[in-house]
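Q: Could you take me through the reading of this model feature by feature, giving the general idea before each case?

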Amino acid sequence: MGQDRGKYDFYLGLGLAVSSSIFIGGSFILKKKGLLRLARKGSTRAGQGGHAYLKEWLWWAGLLSMGAGEAANFAAYAFAPATLVTPLGALSVLVSAVLSSHFLTERLNLHGKLGCVLSILGSTTMVIHAPKEEEISSLEHMAEKLVDPGFFIFATLVIIVALIFIFVVAPRHGQTNILVYITICSVIGALSVSCVKGLGIAIKEAVAGHSVASNPLSWILLLGLVACVSTQINYLNKALDIFNTSLVTPIYYVFFTTSVLSCSAILFKEWGHMGAADVIGTLSGFLTIIVGIFLLHAFKDVSVSLASLAVSMRKEERPSPAAANGTASHYELLLRGESPEDMEMGPPFESVSRRNGAMTLCDH
């Protein structure tokens, strides 16, 4: 019965995590379209401290979609380990990239498509080799984990880094450096996941008939979650308003996942129970996701497609006059009225133009 229950929880958590990625990926697009509409109207932009987006229904639709995704994500953490739920967030990168190519002016080229595939493969690898966290069956056990010296030091450092970025770095470099706002969201996200995990345990205890409202830890976790999520929403809006969506989403995923995996390893001592094969598999999966995300956004302005690659291959395979009957000698070229320099330059009326990675034929 215990094994059947564990399998049920695993698949339920998996399904919730996948649906969460779909809702969250779509929320980025809705929010971005709402912010673009406000920019066209001349309203003060969110990146400049404006809050006109609160009157835009598209932004609210994106917020509701993100709320649904976060709710599903919240429930997933209650049924499955954080190291299973968090890597599946790569699917939100895929959803966001695909929708951006259809509803925004952000083109998804061949590199982007390969990046999406690699992100999915890396996520699958991480799920297969995910470390098994220690079982936490009650709020009392969760309280013991939270006051562990290792996690206490980690949480203190996270709060210090977040405050430095919010009050010192963001006012100076937030408008020009994409990593500033994303770093704030990511480090705070590690604490929000811990709060979500604790509240998930509290809800399961409440469903089982235990009294959790009288436990101070329940309210501490709830207030901590509200503070963390509010901070994340604020700075994520700023990042989305200033920078490209296809840039913000993948970088945020890498930073957020790294932060959450580190927090989970310290809080739940997951990595101590892993074999060498699982450690290598987990790290390889995560590096695969990073490579995929790099391809997704690093070459977003390079126009590369299967059609352009086919043109390039045909050009390379076309035989030159010099190679028609073997290698032509210098004397034979002169007899035909051609020079070696002409052969090196290619056909006189045809050249290859490369612009943004696209190869086209043009006449002079």
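A: We can begin with aromatic pairs: rings of Phe, Tyr and Trp (its six-membered ring) pair if their centres lie within 6.5 Å, and planes under 30 degrees apart count as stacked, over 60 as edge-to-face and the rest as tilted. By this rule the count comes to three aromatic pairs. The rings of Tyr181 and Tyr235 have centres 5.7 Å apart and planes at 40 degrees, so this pair is tilted. This is a predicted model, in which local features need pLDDT of at least 70 and side-chain atom pairs count only at pLDDT 80 or more, while totals for chains, interfaces and linings use all residues. Residues are numbered from 1 along each chain as its sequence is written, and side-chain values use heavy atoms, with hydrogens and water left out.

Q: Which helices hold Tyr181 and Tyr235?
A: Helices (H or I, at least four residues) and strands (E, at least two) are DSSP runs, numbered from the N terminus; the protein chain has 14 helices and two strands. Tyr181 lies in helix H8 (residues 178–207) and Tyr235 in helix H9 (residues 216–242), so the pair ties together parts that are 54 residues apart in sequence.

Q: Are Tyr181 and Tyr235 buried or exposed?
A: Buried means under 20% relative accessible area, exposed over 50%, and partly exposed in between (1.4 Å probe, protein chains only). Both Tyr181 and Tyr235 are buried, and buried residues make up 45% of the 364 residues in the protein chain.

Q: How many residues does the largest nonpolar core have?
A: A nonpolar core is a set of buried Ala, Val, Leu, Ile, Met, Phe, Trp, Tyr and Cys residues joined through side-chain atoms within 4.5 Å. The largest here has 62 residues, and those with the most contacts inside it include Tyr77, Met142 and Leu236. Helix H8 gives the most to this core, with 16 residues. A second, separate core of 13 residues includes Leu108, Met126, Val254 and Leu296.

Q: Which residues does Leu236 touch?
A: Contact means heavy atoms within 4.5 Å. Not counting residues up to four places away in sequence, Leu236 touches Phe28, Met66, Cys185 and Val248. Across the protein chain, among contacts between residues at least 6 apart in sequence, 79% join residues at least 24 apart.

Q: What does Ser20 touch?
A: Ser20, which lies in helix H1 (residues 2–41), is buried, with a relative accessible area of 2%. With residues up to four places away in sequence again not counted, Ser20 touches Gly69, Ala72 and Asn73.
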